Amino acid sequence: MLQAVSNGLTTVFEAGLAQVAARGEHRGEDVSSLSTEVVSTDAGLAALRDEWTGLLMASKANTLFLTWEWVTTWWRVYHRGQLHVVLVRDARGLLVGLAPL
């Protein structure tokens, strides 16, 4: 199941990136070099704190409900099943997007 979710999200990201590239909105970066990965452990989630916070601070969507602190607290209190955070990284390995599922 997780592999299917990851494959599906990769397809969505690739389709979206193709549209961005076609419109020339990628700010000069090679969007075809983006990669995805899935984090599904507490240790992996904890390790994302600084990157997550930095990405959110640079985002126009910076709200309390998208913070690492909010999501991890919610997860620890209300979790049902496994948490999967899909990460998108650029060619340099920098975090450029994430989706907690």
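## Polar contact in the loop

A polar contact is a pair of N or O atoms within 3.5 Å; within protein, one atom must be able to donate a hydrogen and the other to accept it, and residues adjacent in sequence count only if both atoms are side-chain atoms. Such a contact, of 2.5 Å, joins the side chains of Asp-90 and Arg-92. Asp-90 sits in the loop between strand 2 (85-89) and strand 3 (95-100). Asp-90 is buried at 5% relative accessibility, whereas Arg-92 is exposed at 59% (buried: under 20% relative accessible area; exposed: over 50%; partly exposed: in between; 1.4 Å probe, protein chains only).

## Model and conventions

This is a predicted model, in which local features need pLDDT of at least 70 and side-chain atom pairs count only at pLDDT 80 or more, while totals for chains, interfaces and linings use all residues. Residues are numbered from 1 along each chain as its sequence is written, and side-chain values use heavy atoms, with hydrogens and water left out.

## Chain layout

The chain holds 4 helices and 3 strands (DSSP runs numbered from the N terminus: helices are H or I with at least four residues, strands are E with at least two). From the N terminus, the order of elements is α-β-α-α-α-β-β. Of the 101 residues, 24% count as buried.

Strand 2 and strand 3 run antiparallel and are joined by 5 bridges (strands pair if DSSP finds at least two bridges between them). Arg-89 stands opposite Leu-95 in strand 3. The hairpin of these strands has 5 residues between them, and Gly-93 there takes a positive phi near 90 degrees.

## Salt bridges

The whole structure contains 4 salt bridges (a side-chain nitrogen of Lys or Arg within 4 Å of a carboxyl oxygen of Asp or Glu). In one of them, Arg-89 pairs with Glu-37, with 2.8 Å between the closest N and O atoms. Arg-89 belongs to strand 2 and Glu-37 to strand 1 (residues 35-39), so this pair ties together parts that are 52 residues apart in sequence. Arg-89 is buried, at 12% relative accessible area; Glu-37 is partly exposed, at 35%.

Arg-89 also forms a salt bridge with Glu-51, at 2.7 Å between the closest N and O atoms. This second pair links Arg-89 in strand 2 to Glu-51 in helix 3 (residues 49-57), 38 residues apart. Glu-51 is partly exposed at 30% relative accessibility. The contact between Arg-92 and Asp-90 is a salt bridge too, at 2.5 Å from N to O. Shared partners join Glu-37, Glu-51 and Arg-89 into one network.

## Aromatic pairs and surface patch

A search of the whole structure finds 2 aromatic pairs (rings of Phe, Tyr and Trp, the last by its six-membered ring, with centres within 6.5 Å; planes under 30 degrees apart are stacked, over 60 edge-to-face, the rest tilted). The ring centres of Phe-65 and Trp-70 are 4.7 Å apart and the planes stand at 85 degrees, so the pair is edge-to-face. Phe-65 is exposed at 53% and Trp-70 partly exposed at 37%. The pair of Trp-74 and Tyr-78 is tilted, with 5.9 Å between centres and 40 degrees between planes. Trp-74 and Tyr-78 are 4 residues apart in helix 4, or about one helical turn.

Leu-64, Phe-65, Trp-70, Trp-74, Val-77 and Tyr-78 form a nonpolar surface patch with about 670 Å² of accessible area together. Patch members have over 30% relative accessible area and no salt bridge; like charges are joined within 9 Å, and nonpolar side chains (Val, Leu, Ile, Met, Phe, Trp, Tyr) within 5 Å. Accessible areas come from the Shrake-Rupley method with a 1.4 Å probe; for residues, only the protein chains shown count as cover.
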